[in-house]
Amino acid sequence: MELFTNQILAGISTGAIYACMALAVVMIYQAIEHLNFAQGEMAMFSTFISWQLMQWGVPYWAAFVLTLGISFAGGIAIERLLFKPLAKAPILTNVAGFIALYAILNSFAGLIWDFTIKQYPTPFGSSPFLGSQLISTHQAGMIGVTVLLLVLLYLFFQFTRVGLAMRAAASVPESARLVGINTSWMIALGWGMAAAIGSIAGMMIAPVVFLEPNMMLGVLIYGFAAAVLGGLTSPFGAVIGGFLVGIFENLAGTYIPGVGNELKLPIALALIITVLVVKPAGLFGRPIVKRV
Amino acid sequence: MSAVQETVTEAPAVEAVPKRAMTLGAGSSLVMLALLILVPLFVKNFIIFQLTMLLIYGLAVLALNILTGGSGQFSLGQSAFYAVGAYTSAILIEHVGMNYALTLPIAGVVCFGFGFLFGQPALRLSGVYLALATFALATAMPQLLKLGVFETWTGGVQGLVVTKPDAPFGLPMSQDMWLYYFTLVITVAIYIFSVNLLKSRSGRAFMAIRDNEIAASAMGIDVALYKTLAFGVSAGITGVAGGLGAIAVQFVAPDGYTITLAISLFLGMVVGGVGWLPGSIVGSAFIIFVPNIAEGISKGLSGAVFGVLLFLIIFLVPHGARQIAMIAQQLLGKLKKS
């Protein structure tokens with residue numbers, strides 16, 4: 001029983017990271033109906049920026065906030081420069097664009113900071129949390145930061161004018177434009193926020209997986225799995241999906257014989273395919289009805 | 001929120017390519033073939049090896065081109081099929097002791113089956129979802145190959161060494177040159193097969209599905225069958241390419257078939273022009289020689305160069321090499337007139 005609780009808690013803490021990634025993926029999907037294959041690399045790049053700031057002597061939380069700002073601006077810049085002109089292009093062109101961005105970020109991170117594995121600090125320490133042996137303070141901190149982020153996002157989308165405008169622009173762009181919402185900038189804002197959320201995920205997971213240019217590939221795949229499970233059209237679903245996927249990953253690793261760390265990615269693959277085949281809209285997504 | 005209704009008048013996933021624009025004229029094809037036959041006679045062994053890889057990647061890009069340019073489906077997971085083909089050949093040669101030439105059709109059939117089966121769930125997916133599923137397949141493949149269960153066959157993380165075949169019948173050729181001509185024959189055969197496939201009833205069905213799936217099914221096309229068939233054929237050809245690749249490189253290892261390979265092949269297709277079969281060889285040349293040049297300047301630069309060039313292509317010449325070839329043709333026409 002102890003082992004079981006332990007695994008659930010560990011699952012929730014990694015699930016928090018998957019939830020952040022899934023949320024970032026869903027935010028961009030809502031805005032432009034494309035999956036951002038470069039989301040993980042964007043997060044990785046942000047994490048490297050925060051690491052560099054800390055190398056220059058900036059304290060952790062200052063670097064954290066600065067990185068959020070830089071990622072936000074970076075996300076908007078990427079949208080304005082590269083993806084706005086592709087808005088009307090076929091899906092293939094957009095996928096090619098995301099793949100290109102993936103290659104560029106991955107390669108530049110390697111060029112600037114090289115491919116060696118780096119230690120990344122945690123602000124929470126790694127002693128047992130509240131004297132219990134179940135989770136470490138870092139894992140508890142990961143859950144705490146994610147929950148705080150979710151509450152803030154919820155308040156933003158429900159109770160601010162900009163949040164309302166973003167929701168309107170995502171669900172019915174034409175009508176939103178008619179009531180005077182600048183939908184094009186709402187998309188850019190969505191990109192900025194997705195980049196910032198991704199950077200939080202990157203900075204939280206970096207002490208666990210270590211900092212290197214390919215660190216986010218596995219996290220991204222799980223983020224995709226979470227987004228698909230929760231439904232690509234539902235931010236709430238993405239978060240729930242993230243926690244479920246995290247718990248599932250840990251339990252499968254513990255209780256199914258032969259499934260260890262080396263099967264991490266195939267499990268995510270199996271999960272994605274199963275969900276897409278059994279319930280393509282996900283748990284909380286709205287089904288798309290086609291009319292001829 | 002209520003269910004949202006979306007009309008099907010949205011743009012298709014891939015821009016339509018007219019059937020005539022998919023191939024080269026007879027004259028230029030013959031010139032190209034003559035070049036491919038004659039060049040190896042005058043260059044060093046290492047360059048012959050690179051030309052062999054050019055043909056092999058050309059095949060893999062061609063396979064993706066049939067899937068995307070022909071039937072309008074995506075795949076970011078071609079590296080997985082390539083890996084299965086490579087491992088099938090390597091295992092049959094090293095563990096079973098089979099002749100290398102015989103392993104290739106087996107690799108093709110195994111991959112056809114794998115692709116056809118993967119196509120079953122992929123069937124229900126379109127556009128971004130299919131890209132997502134295949135992306136996950138490509139990232140998961142190296143881990144599957146490393147599994148301890150298969151280690152006696154696959155050699156685990158270390159991979160397998162494959163012996164390079166000698167030229168048969170005592171032909172006075174180096175191993176590299178023999179392998180080049182062997183690959184060339186297979187490539188030409190598959191190219192002719194592909195051109196004819198796209199001109200056939202099945203090819204027309206692929207293109208109908210690509211341009212408008214609902215209209216295609218209304219015309220009586222079995223959409224499910226043809227979509228999985230396109231997946232199977234594409235995977236099969238990629239498998240043959242993978243098998244040839246294993247023989248040419250003399251080595252297979254899980255980390256040779258990562259998502260980077262899938263991205264390269266995808267890039268090769270975009271560079272060559274989606275749906276333009278001869279462009280496959282142009283795309284293949286691009287993904288072989290550009291990284292060499294880029295890595296020569298700085299380690300790890302090739303990804304950045306790939307990415308930047310990919311953006312330039314989508315913004316400036318969205319049809320890739322096909323567009324450049326067409327522009328060149330028009331210029332020639334003008335020159336002749338004046």
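1. The model is a predicted one. A first point concerns B:Gln250, which is partly exposed because 13 other C-beta atoms lie within 10 Å; a buried residue would need 20 or more. B:Gln250 is placed in the loop between α10 (223-249) and β3 (251-252) of chain B. Its backbone deserves attention: phi of B:Gln250 is near 65°, a positive value in a residue other than glycine.

2. A:Asp114 is not a glycine, yet it has a positive phi of about 50°. The residue lies in the loop between α4 (91-113) and α5 (137-159) of chain A. A:Asp114 counts as exposed because it has 12 C-beta neighbours inside 10 Å, and the limit for that class is 12 or fewer. As background to both residues, most residues other than glycine have a negative phi.

3. How many helices and strands does the secondary structure of chain A come to? There are 11 helices and 1 strand. Read from the N terminus, the order is α-α-α-α-α-α-α-α-α-α-α-β. The radius of gyration of chain A is 19 Å, close to the 19 Å that the globule rule gives for 292 residues, so the chain is as compact as a globular protein of that length. The C-alpha trace of chain A spans about 55 × 50 × 35 Å along its principal axes.

4. Of its 292 residues, 51% are buried. Among contacts in chain A with a separation of 6 or more, 74% are between residues 24 or more positions apart.

5. Chain B may be described in the same terms. Its secondary structure comes to 14 helices and 3 strands. For 338 residues a compact globule would have a radius of gyration near 20 Å, and the 20 Å of chain B agrees with this. Along the principal axes, the C-alpha trace of chain B spans about 65 × 60 × 45 Å. Buried residues account for 51% of the 338 residues in chain B. Residues 24 or more positions apart supply 79% of the chain B contacts with a separation of 6 or more.

6. Leaving aside residues up to four places away in sequence, B:Leu265 touches B:Ala60, B:Val61, B:Leu64, B:Gln78 and B:Ser79. B:Phe231 is 34 residues from B:Leu265 in sequence, and their C-alpha atoms are 16 Å apart in space.

7. The next points concern helix packing. In chain A, helix α2 (residues 39-55) packs against helix α3 (residues 60-83) at an angle of about 140°, and their axes are 9 Å apart. α2(A) and α3(A) are therefore oblique to each other. The crossing of α2(A) past α3(A) is right-handed. From α2(A), A:Ser46, A:Ile49, A:Ser50, A:Leu53 and A:Met54 take part; residues they meet in α3(A) include A:Tyr60, A:Phe64 and A:Ile70. The residues of this contact divide into 8 nonpolar, 4 polar and no charged.

8. At what angle do helix α6 (residues 161-171) and helix α8 (residues 183-209) of chain A pack? The angle is about 105°, with the axes 9 Å apart. α6(A) and α8(A) are therefore roughly perpendicular to each other. A:Ala165, A:Met166 and A:Ala169 of α6(A) meet A:Thr183, A:Met186, A:Leu189 and A:Gly190 of α8(A). By type, the residues of this contact are 5 nonpolar, 2 polar and no charged.

9. In chain B, the axes of helix α3 (residues 78-96) and helix α4 (residues 100-122) come within 8 Å and cross at roughly 140°. That angle makes α3(B) oblique to α4(B). α3(B) passes α4(B) in a right-handed crossing. The contact draws on residues including B:Phe81, B:Val84 and B:Leu92 of α3(B), and on residues including B:Tyr100, B:Leu104 and B:Phe114 of α4(B). The residues of this contact divide into 11 nonpolar, 5 polar and no charged.

How values were computed. Residues numbered from 1 in each chain as written. Chains lettered and ligands numbered in written order. Predicted model: local features only at pLDDT ≥ 70, side-chain atom pairs only at ≥ 80, totals over all residues. Helix = DSSP H or I, 4+ residues; strand = E, 2+ residues; numbered from the N terminus. Rg over C-alpha atoms; globule rule 2.2 N^0.38 Å. Contact = placed C-beta atoms within 7 Å. Axes fitted to C-alpha atoms, helices over the stretch in contact; angles between N-to-C directions. Parallel < 35°, antiparallel > 145°, perpendicular 65-115°, else oblique. Nonpolar A, V, L, I, M, F, W, Y, C, P; charged D, E, K, R; others polar. Left-handed = near helix turned anticlockwise from the far one by under 90°.
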